[in-house]
Amino acid sequence: MARFSRSSAQRLLYALSSSSSTVSPSPAGSLIGGAFHFRQFSAGNVARAKAAADDKEPWWKESMERQRNIGISAHIDSGKTTLTERVLFYTGRIHEIHEVRGKDGVGAKMDSMDLEREKGITIQSAATYCTWKDYKVNIIDTPGHVDFTIEVERALRVLDGAILVLCSVGGVQSQSITVDRQMRRYEVPRLAFINKLDRMGADPWKVLNQARSKLRHHSAAIQVPIGLEENFKGLIDLVKLKAYYFHGSSGEKIVIEEVPSDMEALVAEKRRELIETVSEVDDILAEAFLSDEPISAADLEGAIRRATIAQKFIPVFMGSAFKNKGVQPLLDGVLSYLPCPMEVSSYALDQSKNEEKVELSGSPDGPLVALAFKLEEGRFGQLTYLRIYEGIIRKGDFIINVNTGKKIKVPRLVRMHSDEMEDIQEAHAGQIVAVFGVDCASGDTFTDGSVKYTMTSMNVPEPVMSLAVQPVSKDSGGQFSKALNRFQKEDPTFRVGLDPESGQTIISGMGELHLDIYVERIRREYKVDASVGKPRVNFRETVTQRADFDYLHKKQTGGQGQYGRVIGYIEPLPAESATKFEFENMLVGQAIPSNFIPAIEKGFKEAANSGALIGHPVENLRVVLTDGAAHAVDSSELAFKLASIYAFRQCYPASRPVILEPVMLVELKVPTEFQGAVAGDLNKRKGVIVGNDQEGDDSVITAHVPLNNMFGYSTALRSMTQGKGEFTMEYKEHSPVSHDVQTQLINTCKGNKAAE
């Protein structure tokens, strides 16, 4: 779509004035999603078009600046649900407040306690939309638990800013550290909100110092509480120097007064501290501060906004969501200090240029780029949440799924309000919408076909761990397979397969916790009890030297027989090879007719699916066919396929095969006093420690450990570090096992086969 210039604005005005008879005046908002709609043109829009023609401001600029996409995340039980409930109440989304553990039995709007206990997130809906002072705010579900999969990356990709809720009594807890680390990794600007100031033992200044020391936050308070615990009455805004009191049954009436005289000294001290902290990271404010000029509220607000968006400063707000105090100033803070979609730089990966990074302009003028970041099974089929990064999406448009290459029509476009929907005609960059009837997987990118961009890398990590699962009762098989299909769509790192030998269903994923959560979800959401087998590590086999084969498969059974002879060799692929299996035909002449060559390749591929050592797939294998023989009558595709399978089995032992096991890159963060015990345990697990850094009071240890020795590690680590240690684990590579482990694995495999 071309930029909205003076001439196009004038043409539009001309068209409107000349066809005024066809314009139907609409009392409803004439700007749907911030874009022009000819059917619903009102006088206000004509004026806006005139203004656009005069100063060349693009029509979408104002709509974009009034948009915020935020997430609320915190340690479990810091009050995120209660805070979200209040935000929805004050913005008019819901008309009465229900407590999380309320006596009225309704429960908070955003809560479903089962899932809450399981995941530590309660905001079920992916995006709840509300309006505050003419700004549109999307509150987006941020996953509480990191299972180091793609899911977290996506949810945080969609956010432009976040609120980190801290408890004024509990302070900075373990999950707060994890959540903060994620936000830092994905460069999300954030505000902090110290909640529960009405509780016994509330001490916001202690929490602020903890955030500075434990989270390394460069932060300062924006507000000072008037009284604490049961005497908590209101807040003083240090930017505007006004006192706020919250009256009314639900704190909806805000009374603004001057700062109480007995608190002036404290307020002056805290305001100076705020200005000092911000001026350390903002040059404009630093100049004014050093030249001792009086700093106005507008100057200070501008400096805080610049520093927050640059992620150099974190403003700290205070309040008590349960007692309805401090929520409205926090919403004002979201508008004042968190970025609009235009101020956040988003990058796409250009698939046509080998995943090269491209910065998106973020304006509705560019080509359409949208990310499906969440799927939900709705009443009308699959509901897909889209975050639009660039361009415009309209109902009835054709869009292309870059990941699958399919062209899809947008049948219905809606905006979500918790669980209600509102149909819209179009939406532009920066907005979050949902579409129905679009078949896609979570993390797919949609474009209008002019570019081949994806928002997240399409290189999905290979699963490293498998479990055998089966439903306990035979009659719940339908629900069981429905659940597995849905989870596979939602999470590309979760795979489902069948074990050809035992006929069991095998689920594979990124680790123990990952698979446990899915088994638990099958039980909760689909009411299917599943029995879980022992975890299985995905070993691989490979060859280490060249081995020749020469095999003749001959069978005469009356009628047409079978005849096929293959000659050649197998050898390992070079280490940097992109493929895992390579077949090369180096036949000279017509010893084997060319129509049998695909059957020979198929035979070798099939044989490489299970190696002779422990029956796992053989990787990094190159098969070269040099010669062979065929019979004019008896040769067939089947004969050559069988010949190649037997040829592979015949020469495989001569190629000195080895077993490869997945090695994980494990990063541990443990308090220094436990470092010795943890390092000793890693050595016992045959790990290689590759790095050890100090970060404050913690030691950060990096190690390469075989996955087979990592089962049950989270429990072991907790007991070694009194619950203070945490670790992340991601797949690094498959590497050869030591000789003794190989013998042990082969013997176990033989024992299992004998038992069967």
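L274 touches A220, A221, I222, L238, V239, L300, I304 and F313, leaving aside residues up to four places away in sequence; contact means heavy atoms within 4.5 Å. This is a predicted model, where local features need pLDDT of at least 70, side-chain atom pairs count only at pLDDT 80 or more, and totals for chains, interfaces and linings use all residues. Residues are numbered from 1 along each chain as its sequence is written, and side-chain values use heavy atoms, without hydrogens and water.

Reader: Why are helix 9 and helix 10 called oblique to each other?
Author: Helix 9 (residues 264-279) and helix 10 (residues 283-290) pack at about 130 degrees. Under 35 degrees counts as roughly parallel, over 145 as roughly antiparallel, 65 to 115 as roughly perpendicular and the rest as oblique, so the pair is oblique.

Reader: Which residues make that contact?
Author: Happy to list them: R272, I275, E276, V278 and S279 of helix 9 meet L285, A286 and F289 of helix 10.

Reader: What makes the span of helix 14 close to the expected one?
Author: The expected span is 1.5 Å times one less than the number of residues. Helix 14 (residues 512-526) has 15 residues and reaches 21 Å from its first C-alpha to its last, close to the expected 21 Å.

Reader: Which residues of helix 14 are buried?
Author: Buried means under 20% relative accessible area (1.4 Å probe, protein chains only), and H514, L515, I517, Y518, V519, R521, I522 and Y526 are buried.

Reader: What follows helix 14?
Author: That is K527, with a positive phi near 55 degrees.

Notes
Axes fitted to C-alpha atoms, helices over the stretch in contact; angles between N-to-C directions. Helix = DSSP H or I, 4+ residues; strand = E, 2+ residues; numbered from the N terminus. Buried < 20%, exposed > 50% of the residue type's maximum accessible area, 1.4 Å probe, protein only.
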